Amino acid sequence: MPARYWFHLAELAIAIVLALAVYFSWRADRRDRAQLASELAATKQLLSAADARQHERDTQLAQTLATLAAEKRTVITPAQIVSDLPTQIALPSAITLQTAPSLPNAPAPQPNAVIPAEDLKPLYDFAIECKACQAKLATAQSDLTDERAKTTALTRERDDALRIARGGSALRRIARATKWFLLGAAAGAVAAKAAH
């Protein structure tokens, strides 16, 4: 066989190898993009559900705090406090109000609350539990702040991954398309030269 046919055969083999490389590269890119898109969709759905649950909890908390604030504003006299306290704290015995006997030429005495001895331990425990709840709340609020920062970072990372999965910025996609166009044009020129 003359050398000319070997050159034509080599050019054809190079064109076929180049076409196969382009095809398999394109196919792998499509598969990777599809996989990334499905993972990102699942992550986005998970984040949306978490945001919805968080918003619902925030709404319920705001309603509960508003109700408690209203109760705090309406219960102000000692008699109201003594009558409402058993609904707020479980106590073994009721707290009572006693008024000291009035003295002549003295202002009217204020009633004093009498706390039975058996109520002291539940009241003390409640105060300690309240402090523990405040400490837990402070920690939970700090954790929530950190989780929100993490979510923001993950959202930014997801958006970057989507941009990359689409092929990057418009300029990057144009540069990549130009590269493949030039490779195709070179392969076509080689094939055309081999045909002559």
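pLDDT is the predictor's confidence in each residue, from 0 to 100; helices are DSSP runs of H or I, at least four residues, numbered from the N terminus. The mean pLDDT of the chain is 81, and 94% of its residues reach 70 or more.

This is a predicted model, in which local features need pLDDT of at least 70, side-chain atom pairs count only at pLDDT 80 or more, and totals for chains, interfaces and linings use all residues. Residues are numbered from 1 along each chain as its sequence is written, and side-chain values use heavy atoms, leaving out hydrogens and water.

H1 has 72 residues and spans 105 Å from its first C-alpha to its last, close to the expected 106 Å; the expected span is 1.5 Å times one less than the number of residues. His 8, Glu 11, Leu 40, Leu 47 and Gln 54 are buried in H1. Buried means under 20% relative accessible area, exposed over 50%, and partly exposed in between (1.4 Å probe, protein chains only).

| Residue | Relative accessibility | Class |
|---|---|---|
| Leu 9 | 46% | partly exposed |
| Gln 54 | 17% | buried |

Gln 54 touches Leu 144 and Arg 148, not counting residues up to four places away in sequence; contact means heavy atoms within 4.5 Å.

Definitions and conventions: Helices (H or I, at least four residues) and strands (E, at least two) are DSSP runs, numbered from the N terminus.
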